[in-house]
Amino acid sequence: MLTDLKAQSPDKILMLIEEFKADTRQGKIDLGVGVYKDPQGVTPVMRAVKAAEQRIWETQTTKAYTGLAGEPDYRNALATMVLGDLPADRLASVASVGGTGAIRQALELARLANPGVRVFVSNPTWPNHLSIMAFMGLPYTEYRYFDAETRGVDFDGMKADIAQAGKGDVVLLHGCCHNPTGANLTLEQWSEVVAILQKSGAIPLIDLAYQGFGDGLDADAEATRLVARSLPEVLIAASCSKNFGIYRERTGILIALADTTKGRDLAQGSMAFLNRQNFSFPPDHGARIVSTILMDDALRADWAAELEEVRNTMLGLRDQLAAELRDLSGSDRFDFIRHHRGMFSRLGATPEQVQRLKTDAAIYMVGDSRLNIAGLNRDTVPVLARAIIDAGI
Ligand code: PLP
Ligand code: TYF
């Protein structure tokens, strides 16, 4: 039977990790996978996470199963961080296996509710969105998003395309820090998106994987909060992997907002049911770290301060890279790097140019010219800037 399996195509981003490891050149630079690295190239365990783990170790008396939906403390604390307050009469939530698990369960939920659901997704988007939908056999349509000329958002194209989504369809939106482009909507543009969805009855699914990495914890959730208070039904898949630096603990949440308590209760039951079908109880360790931090004033303040350092480090690198490129190119055509937000920027280079960066300068980025800003430091920014110009970008 096993020999009847067909070979699956690997994830290109994850493949890049192996390729980078195998490169023996001194001074190679990894701008591939979206993991935060400090200026020394280390992905640190955050101080508050260490402290919370110690506290859990000292006080935890059982590791018996949690509830199918995960711990209420965790769900309430995280949903409050995302939404700003808890609309209890509308809110259903379950702990998930990372942000990815929340996205998968959200799509499963949408299909349970509407077997004919179509998903509208940005072009481009995180490749796992597409591969999960293809695997599930969910029909999807791409909406225009990236403007190759300005490296910003093609907002007219986006509006025209998402207006095609009808009642019972899902429109997948990145809540902040768009992956892979780094180009984001303004709040005014989000209001226009809301108006389109209000008219059509399509349901937004917001993927919020980088809250705190763009303009700040609250600022990055503004769009999600606007959508949440403006539309009757909303799905939100949030991840704690990046903002708590707990990638391997697989910590996330799926939130469903309904317009009736009946809808809320049905969503809650179906979400717990989906957990049971897929993995039974959700993982708890990462969730407990998060609730310990969010529910303790001192730990929370320390965590938020460290997250701000991370965010500001990335903003500083953006400014430095844009300035170097301004000097070297004698133009402002790379200023978009300063305006993008989050870990990523799409340079808009050709695959051949990306290959040249790899061959000539040992600089690794994803083939679509997405670079991870956090893979840089003050010393490597000038090296990258030079290589970008030399590659003819
Ligand atoms: N969504 C986007 C856009 C991402 O970039 C990521 C990052 O890994 C995720 C969701 C999910 O992250 P995780 O499953 O590691 O929590
Ligand atoms: O886009 C990224 O680099 C991150 C990490 O299959 C990631 O979101 C990449 C690929 C993947 C899972 C996570």
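**View 1. The shell around ligand 1 in the predicted model.** Ligand 1 is surrounded by 13 residues, a residue being counted if its C-beta atom, placed from the backbone, lies within 6 Å of the ligand. The closest are G98, G99, T100, S239 and S241. Helix 4 (residues 98-113) contributes the most to this shell, with 3 residues; helices (H or I, at least four residues) and strands (E, at least two) are DSSP runs, numbered from the N terminus. By class, the shell holds 3 nonpolar, 9 polar and 1 charged residues. Ala, Val, Leu, Ile, Met, Phe, Trp, Tyr, Cys and Pro count as nonpolar, Asp, Glu, Lys and Arg as charged, and the others, Gly among them, as polar. This is a predicted model, in which local features need pLDDT of at least 70 and side-chain atom pairs count only at pLDDT 80 or more, while totals for chains, interfaces and linings use all residues. Residues are numbered from 1 along each chain as its sequence is written, and chains are lettered from A and ligands numbered from 1 in the order in which they are written.

**View 2. The shell around ligand 2.** D11, I13, L14, V33, G34, W126, N128 and N179 surround ligand 2. The shell divides into 4 nonpolar, 3 polar and 1 charged residues. Ligand 2 lies between domain 1 (11-45 + 300-390) and domain 2 (65-295), because both give residues to its shell. The domain bounds come from an automatic or database domain assignment.

**View 3. The contact of domain 1 with domain 2.** The centres of the two domains, taken over C-alpha atoms, are 27 Å apart. Domain 1 puts 26 residues into the contact and domain 2 puts in 28 residues, where two residues are in contact if their C-beta atoms, placed from the backbone, lie within 7 Å. On the side of domain 1 that touches domain 2, helix 1 (12-22), helix 11 (297-329) and strand 9 (344-346) each supply at least two residues. Helix 11 gives the most to this side, with 5 residues. The residues on this side of domain 1 comprise 12 nonpolar, 6 polar and 8 charged.

View 4. The protein has 14 helices and 11 strands. Its C-alpha trace spans about 60 × 55 × 55 Å along the principal axes. Among contacts between residues at least 6 apart in sequence, 76% join residues at least 24 apart. Of the 393 residues, 45% count as buried, that is, with 20 or more other C-beta atoms, placed from the backbone, within 10 Å of their own.

Notes: Buried ≥ 20, exposed ≤ 12 C-beta atoms within 10 Å, placed from the backbone.
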